[in-house]
Amino acid sequence: MQQQIALYGKNILVNLIDNKGKEKEICQSFNYIAGQKLLPGVRFIHFDFHKECSKMRWHNLNLLMDQIKEDLDNYGYYFKDGYSHFEGVESTNQSGVVRTNCIDCLDRTNVVQSMIGRYVLTKQLLQMGVLAEGEEIPPTSQFEHVFKNRWADNGDGIAYQYTATPALKSDYTRTGVRTQAGLLHDGYKSMQRYVQNNFLDGARQDSYDLLVGNHRYTSAEESPLAKPKHPVGIFLPAAIGVFIALLILKLVMPEETWMSQFSHLGLYIAVIAFLLKQVVVWGDHLVDQPRLYHTLNKAKAE
């Protein structure tokens with residue numbers, strides 16, 4: 001933190017993660033550490049994004065902005081006088097930053113940073129004389145449309161690199177309004193991320209590790225990529241697919257007697273339940289794990 005202060009000046013740490021569920025432990029640990037060891041010039045704010053904005057209450061984001069606006073005004077921004085269009089405008093330097101985090105620093109972070117960026121941009125336009133005192137950027141203006149969409153495009157670009165999908169909550173970033181359609185689209189993108197993260201990301205991570213030099217391959221070693229997949233990872237999904245197909249077939253083409261129909265359905269359902277239980281047991285062999293550097297075994301050892 002001392003290094004951050006030396007580089008950027010004052011800091012506001014805005015923590016957006018949930019204080020419940022799978023995020024609870026890291027949230028409480030972060031809150032505890034920040035509450036115990038804050039340095040002069042550092043301020044910490046915990047804003048439970050999902051709780052505060054649940055049930056489409058996205059206007060509650062203004063509560064967060066109200067907490068940091070005074071600091072943003074005091075921090076200022078870098079501006080260099082000397083342009084003929086802005087004669088008399090005083091040169092300024094920025095004296096602080098807002099460091100925002102969620103879990104992946106993609107979706108929630110992008111929403112909050114877009115609001116901070118728009119607030120500071122409005123002040124810059126006021127100082128340059130583009131806006132008059134007390135005037136706001138018109139919400140229906142072409143400038144507003146371009147700003148929001150370019151910001152959202154940037155967030156999508158970063159999210160693609162990390163998750164192979166666009167950012168979530170981008171309907172709010174693009175329009176300033178959270179909609180039911182946007183919520184459904186986020187559900188679709190979340191399903192894409194689940195499939196991508198569990199079944200397609202191993203090779204992507206390996207390519208990153210090779211590219212940045214985390215793993216250095218030599219001709220003397222046997223390539224980890226050449227090792228065959230565990231048999232369970234092949235046969236278990238195939239078996240589940242076969243018995244689900246048999247179950248559907250039996251529902252579409254029932255037996256002549258109810259007794260035979262129920263016995264077959266019961267058998268298929270019992271086998272599928274057993275196989276699904278094995279998914280939990282053998283889960284590590286079913287997902288597409290990195291094989292070079294960021295391996296599961298290494299993560300468990302650490």
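Q: Which residues are exposed on the other side of helix 8?
A: Gln 180, Leu 184, Met 191 and Tyr 194 are exposed there. Exposed means over 50% relative accessible area, buried under 20%, and partly exposed in between (1.4 Å probe, protein chains only). This is a predicted model, where local features need pLDDT of at least 70, side-chain atom pairs count only at pLDDT 80 or more, and totals for chains, interfaces and linings use all residues. Residues are numbered from 1 along each chain as its sequence is written, and side-chain values use heavy atoms, with hydrogens and water left out.

Q: And which ones in helix 8 are buried?
A: Gly 182, Asp 186, Lys 189, Arg 193 and Gln 196. They sit on the same side of helix 8 because they cover an arc of only 80 degrees around the axis, the arc being that of the directions from the helix axis to the C-beta atoms. Helices are DSSP runs (H or I, at least four residues), numbered from the N terminus.

Q: What covers those buried residues of helix 8?
A: The cover includes helix 5 (107-127), helix 6 (142-163), helix 7 (170-175) and helix 9 (201-212).

Q: Switching to helix 10. Is Lys 250 buried or exposed?
A: Lys 250, which is found in helix 10, counts as buried because its relative accessibility is 13%.

Q: What is Lys 250 in contact with, leaving aside neighbours within four places in sequence?
A: Glu 255, Gln 261, His 264, Leu 265 and Tyr 268. Contact means heavy atoms within 4.5 Å.

Q: And where does Leu 246 lie?
A: In helix 10 (residues 231-252). Leu 246 is partly exposed, with a relative accessible area of 30%.

Definitions and conventions. Helices (H or I, at least four residues) and strands (E, at least two) are DSSP runs, numbered from the N terminus.
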